[in-house]
Amino acid sequence: MNGRSGAGGNDAPRANAVTVVSYLLGGLAFWGGLGWLADRMLGFATLFLPIGMLLGLAGGIYLIIAQYVRS
């Protein structure tokens, strides 16, 4: 076993659905959570939560593009 997939030695990472969904949900949960926490600490109702969720979604999409599309 040499760690290569297939006979051609194609080492490019392959996206699977679980990884893509986990990037998106992880970004939403982490940055949305930080936004929610900032709302609570600074006394806003819902200012930073949607901003954090949008940042998390954009970050997840960036990670997917950087890891799977560009390679």
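Helices (H or I, at least four residues) and strands (E, at least two) are DSSP runs, numbered from the N terminus. This is a predicted model: local features need pLDDT of at least 70, side-chain atom pairs need pLDDT 80 or more, and totals for chains, interfaces and linings use all residues. Residues are numbered from 1 along each chain as its sequence is written, and side-chain values use heavy atoms, without hydrogens and water.

Q: What secondary structure does the protein hold by these DSSP runs?
A: Two helices and zero strands.

Q: How do you know that the span of α2 is close to the expected one?
A: The expected span is 1.5 Å times one less than the number of residues. Helix α2 (residues 48-69) has 22 residues, for which 32 Å is expected. Its first and last C-alpha atoms are 30 Å apart, close to that value.

Q: Which residues of α2 are called buried?
A: Buried means under 20% relative accessible area, exposed over 50%, partly exposed in between (1.4 Å probe, protein chains only). Gly52, Gly56, Gly60, Ile64 and Tyr68 of α2 are buried.

Q: Why are the buried residues of α2 said to line one face?
A: The arc is taken from the directions between the helix axis and the C-beta atoms. The buried residues fall within 110 degrees seen down the axis of α2, so they line one face. On the other side, Leu54, Leu55 and Val69 are exposed. The cover of the buried residues includes α1 (17-42).

Q: What makes the link between Thr19 and Asn16 a polar contact?
A: A polar contact is a pair of N or O atoms within 3.5 Å; within protein, one must be able to donate a hydrogen and the other to accept it, and residues adjacent in sequence count only if both atoms are side-chain atoms. The side chains of Thr19 and Asn16 are joined at 2.6 Å, so the pair falls within 3.5 Å.

Terms used. Contact = heavy atoms within 4.5 Å.
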